[in-house]
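Please read the following note beside the sequence and the model.

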Amino acid sequence: FASDPIRSEEFVDVLGEKWNLPSGGSHKATVFIFLGYDCPISNGYAKEVTRICEDYDGKKILFCMVYADGDLKLDDAKKHAKEYGYRSPAILDPKMILAQKTGATVKPEAVVLSPKGEVL
């Protein structure tokens with residue numbers, strides 16, 4: 001796993017909005033939370049993840065749910081994000097680019113990046 005900063009790349013969330021991630025200078029940190037839509041552990045933590053995101057609202061920390069699943073359909077991801085109350089961007093990462101670049105290996109897992117894209 002390289003310690004080089006992660007370059008920003010464009011991703012699409014479940015609502016079709018485009019995001020350049022990591023977010024860079026406008027945020028103090030970017031937090032990726034890797035989820036499994038069909039993972040009982042990920043789903044069991046949904047309320048706590050939502051609470052943490054709300055606690056950091058307004059503190060310039062960008063939270064992104066990441067669906068790193070090659071076979072997950074957009075409609076299913078959108079339904080899952082709504083069903084579990086995720087208000088943060090829910091990013092589709094079917095090629096698992098973010099997981100590979102950040103070193104994430106399990107679901108659920110959180111990875112925090114500096115404004116420069118360094119894994120903290």
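1. Two strands are taken to pair if DSSP finds at least two bridges between them, and the elements themselves are DSSP runs numbered from the N terminus, with helices being H or I runs of at least four residues and strands being E runs of at least two. The model is a predicted one, in which local features need pLDDT of at least 70 and side-chain atom pairs count only at pLDDT 80 or more, while totals for chains, interfaces and linings use all residues. Residues are numbered from 1 along each chain as its sequence is written, and side-chain values use heavy atoms, with hydrogens and water left out.

2. On overall form, the secondary structure comes to 4 helices and 6 strands, and the elements follow one another from the N terminus as β-β-β-α-α-β-α-β-α-β. Along the principal axes, the C-alpha atoms fill a box of roughly 35 × 30 × 25 Å.

3. Contact means heavy atoms within 4.5 Å; among contacts between residues at least 6 apart in sequence, 72% join residues at least 24 apart.

4. Strand 1 (residues 9–12) and strand 2 (residues 18–21) run antiparallel and are joined by 4 bridges, with Glu10 having Asn20 in strand 2 as its bridge partner. The hairpin that these two strands form has 5 residues between the strands, and Gly16 takes a positive phi near 90° there.

5. Strand 4 deserves a separate look. Strand 3 (residues 29–35) runs parallel to strand 4 and is joined to it by 7 bridges, and Val31 stands opposite Phe63 of strand 4. Strand 4 also pairs with strand 5 (residues 90–92), in the parallel sense and over 3 bridges, with Tyr67 opposite Leu92 of strand 5. Because 6 of its 7 residues are buried, strand 4 is largely enclosed by the rest of the structure.

6. Phe63 counts as buried because its relative accessibility is 8%. The C-alpha atoms of Phe63 and Lys116, which are 53 residues apart along the chain, are separated by 16 Å.

7. Helix 3 holds both His80 and Ala81. His80 counts as buried at 6% relative accessibility, and Ala81 does so at 4%. Not counting residues up to four places away in sequence, His80 touches Tyr37, Asn43, Tyr67 and Tyr86; with neighbours within four places set aside, Ala81 is in contact with Val14, Tyr67, Tyr86 and Ala90. The C-alpha atoms of Ala81 and Ile91, 10 residues apart along the chain, are separated by 10.0 Å.

8. For the pockets, the search uses a 1 Å grid over the protein atoms alone, and a pocket is an open set of points where a 1.4 Å probe fits, with protein on both sides within 12 Å along at least five of seven lines, its lining residues having an atom within 4 Å of a point. Grid points are joined across faces, edges and corners, and a volume is the space filled by probe spheres set on the points. The largest pocket holds about 260 Å³ of space, and of its 18 lining residues the closest to the centre are Cys53, Glu54, Asp57, Phe63 and Ser88. Helix 2 (46–55) and strand 4 (61–67) are the elements that give two or more residues to this lining, and strand 4 gives the most, with 4 residues.

9. By class, the lining of the largest pocket divides into 8 nonpolar, 5 polar and 5 charged residues, where Ala, Val, Leu, Ile, Met, Phe, Trp, Tyr, Cys and Pro count as nonpolar, Asp, Glu, Lys and Arg as charged, and the others, Gly among them, as polar.

10. The second largest pocket holds about 180 Å³ of space; 13 residues line the second largest pocket, and the closest to its centre are Val14, Leu15, Tyr86, Arg87 and Ser88. Helix 3 (residues 74–83) supplies the largest share of this lining, 3 residues, and the lining of the second largest pocket has 7 nonpolar, 1 polar and 5 charged residues.

Conventions: Buried means under 20% relative accessible area, exposed over 50%, partly exposed in between (1.4 Å probe, protein chains only).
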